[in-house]
Amino acid sequence: MTKKVVAFMGSYRKGSTLKIVERFERELRALGEVEFKYFWLKDLHMSLCRGCGLCISKGEEFCPLQDDRDQIYAGLMEADGVIFATPVYSLQVTALMKNMLDRLAFIFHRPRCFGKTFIPIVTQGIYGMEKVVLYLDEVARLWGFKTCTGVALTIPWDKLLPEEEEQIDEAVKRGAADFFMQLHNPVLPVPSLKEVMMFHGVRSFHMANVGLPADHDYYMQQGWFTSAYFYPVKISWYKKLIGSWVGRKSRQQALKIQQARDLLP
C-alpha cells in the first residue's frame with residue numbers, strides 16, 4: 001500500500017534544507033513506493049496567531065483568521081508520514097514553522113495524529129539543532145505521532161568536503177530507513193510513564209468539566225473517559241497504578257476548583 005508523506009518546509013529559501021529533504025525523498029523512494037508532497041509555508045497565506053485562544057477553548061472552527069490554515073491542517077491529516085523541515089534561526093525553528101505550530105495549537109489539547117509517523121529534518125550553520133530536534137519531537141509526541149530519530153545536520157557555508165558528504169549521506173539513509181520502517185509498522189507505541197500520567201491527569205479535569213469545553217466534548221466523543229489510554233495498547237501494571245493515582249489526585253484538585261467557582265458571585 002502506497003504511503004502518503006508530506007514535508008512541511010519552514011525555509012524561506014530553497015537552499016540547504018531543501019537539498020537534504022530531496023535526498024531523504026530519494027532514499028525513501030528507493031526503499032518502496034511512496035507519495036511525496038511538499039508544503040512550502042512561505043507560499044501559503046497564514047496570518048500570525050493572535051493568541052485569542054478560541055481554537056483551543058471553543059474549537060478550531062472558531063479561529064477568526066480566514067486563510068490557508070485549513071489547507072495545512074488537511075495536508076497533515078491526510079498524510080501517513082509527516083516531516084517538519086527547518087533550518088535553525090536564532091537557536092529555534094523559523095518564524096514560518098513556529099507560526100504554523102501556533103496556529104495548530106489546538107492539537108496539543110485534542111491530539112489526533114495517532115498512527116501517523118513523524119520525523120524532523122533540521123539543518124544548521126553552527127549551533128542549536130539538537131534542541132530544535134528535541135522541541136519538534138516533543139510537539140509531535142503530544143500531537144499523537146509515532147516519532148523517529150531526527151535528521152540533524154551541520155551544513156558548512158563553503159563547499160562540502162568528501163567526508164562531510166559521506167556523513168550527510170549516512171545520516172539521511174539512517175533517517176529514511178527508520179521513517180520507512182515506522183510508516184509500515186501498524187503497532188502503536190507503548191506510552192511512557194510520563195505520557196500515561198499526563199493522560200490520566202488531564203482526563204480527570206475534563207471528566208469533572210473544569211477544563212475547556214471543546215476539550216471535554218472531544219474527550220467524550222473519542223471515548224477517552226472510559227479508556228485506559230488514547231488508543232488500545234498494553235500498559236504495564238505499575239504505569240496503570242501510578243496513572244490511576246495521578247487521576248485521583250487530579251479529580252480532587254478539579255473538585256476544589258469547581259467548589260471555588262461555585263462560591264463566586
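A nonpolar core is a set of buried Ala, Val, Leu, Ile, Met, Phe, Trp, Tyr and Cys residues joined through side-chain atoms within 4.5 Å, where buried means under 20% relative accessible area with a 1.4 Å probe, protein chains only. The model here is predicted, so local features need pLDDT of at least 70 and side-chain atom pairs count only at pLDDT 80 or more, while totals for chains, interfaces and linings use all residues. Residues are numbered from 1 along each chain as its sequence is written, and side-chain values use heavy atoms, leaving out hydrogens and water.

Let's start with the cores.

| Core | Size | Residues include |
|---|---|---|
| Largest | 34 residues | Phe 8, Leu 76, Phe 84, Met 100, Trp 143 |
| Second, separate | 26 residues | Met 9, Ile 155, Phe 179, Phe 180 |

Among the elements supplying at least two residues each are β1 (3-9), β3 (81-87) and α6 (129-143); helices are DSSP runs of H or I with at least four residues, and strands are runs of E with at least two, numbered from the N terminus. Helix α6 gives the most, with seven residues. Leaving aside neighbours within four places in sequence, Phe 84 is in contact (heavy atoms within 4.5 Å) with residues including Phe 8, Met 100, Leu 136 and Trp 143.

Now to a helix pair. The axes (lines fitted to C-alpha atoms over the stretch in contact, with angles from 0 to 180 degrees between N-to-C directions) of α8 (residues 193-207) and α10 (residues 237-262) come within 7 Å and cross at roughly 30°. That makes α8 roughly parallel to α10, a term for angles under 35 degrees. Their contact involves, among others, His 200 and Phe 205 of α8 and Ser 250 and Ile 257 of α10.

Notes. Parallel < 35°, antiparallel > 145°, perpendicular 65-115°, else oblique. Buried < 20%, exposed > 50% of the residue type's maximum accessible area, 1.4 Å probe, protein only.
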